[in-house]
Amino acid sequence: MLLLSNLLSDISLPVDALLCQDTLCNSHSDSLEWYYNKIIDCLLSASRQSVPVVKTGVQKHWWTPELDSLKQECIDICHLKSDWPSTEWCYKYRAIEKEI
Ligand SMILES: [Zn+2]
């Protein structure tokens, strides 16, 4: 929250636009738009710096090192048994992997 506060504190307030009483005013729209975009930039910048991001599907929160070794074991077996008439079970493994 301190990060966001610091970023927001660098924005100059468009005081004239914020104090304008004219509800149909067009002359301050550019400065209000600029102010809005600056706030959005700050929010995005703060989130990029503070929210961990992981690609979707890359890592499951429940995945364990044991599952890594089991997965590798399955892949190795798939490669070793590639001369089998059917690789049906490999497809089944991949289908299961997609489900979990
Ligand atoms: Zn105005």
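The cut-offs are simple: with C-beta atoms placed from the backbone, a residue is buried if 20 or more other C-beta atoms lie within 10 Å of its own, exposed if 12 or fewer, and partly exposed in between.

A quick word on what we are looking at. This is a predicted model, where local features need pLDDT of at least 70, side-chain atom pairs count only at pLDDT 80 or more, and totals for chains, interfaces and linings use all residues. Residues are numbered from 1 along each chain as its sequence is written.

As for confidence, pLDDT is the predictor's own score for each residue, from 0 to 100. The chain has a mean pLDDT of 83, with 76% of its residues at 70 or more. Confidence is highest in α3, at 95, and lowest in helix α5 (residues 88–99), at a mean of 67.

Now the overall plan. The chain has 5 helices and 0 strands. Here helices (H or I, at least four residues) and strands (E, at least two) are DSSP runs, numbered from the N terminus. And of the 100 residues, 0% count as buried.

Back to Ser 50, which is found in helix α3. Its C-alpha atom is 8.6 Å from that of Leu 3, 47 residues apart along the chain. So which helices come together here?

Helix α1 (residues 2–9) and helix α3 (residues 29–50) have axes that come within 9 Å and cross at roughly 150°. That makes α1 roughly antiparallel to α3; angles under 35 degrees count as roughly parallel, over 145 as roughly antiparallel, 65 to 115 as roughly perpendicular and the rest as oblique. The axes are lines fitted to C-alpha atoms, for helices over the stretch in contact, with angles from 0 to 180 degrees between N-to-C directions.

Who meets whom? On the α1 side we have Leu 3, Leu 4, Leu 7 and Leu 8, and on the α3 side Cys 42, Ser 45, Ala 46, Gln 49 and Ser 50. Contact means C-beta atoms, placed from the backbone, within 7 Å. By class, this contact has 6 nonpolar, 3 polar and no charged residues.

Leu 43 is also in helix α3. It counts as partly exposed, because it has 13 C-beta neighbours inside 10 Å. The C-alpha atoms of Leu 43 and Leu 7 are separated by 8.5 Å, 36 residues apart along the chain.

Last stop: Val 15, in helix α2 (residues 15–19). Is Val 15 buried or exposed? With 9 C-beta neighbours inside 10 Å, Val 15 counts as exposed. Val 15 and Ser 31 are 9.5 Å apart, C-alpha to C-alpha, and 16 residues apart in sequence.

Conventions: Contact = placed C-beta atoms within 7 Å. Nonpolar A, V, L, I, M, F, W, Y, C, P; charged D, E, K, R; others polar.
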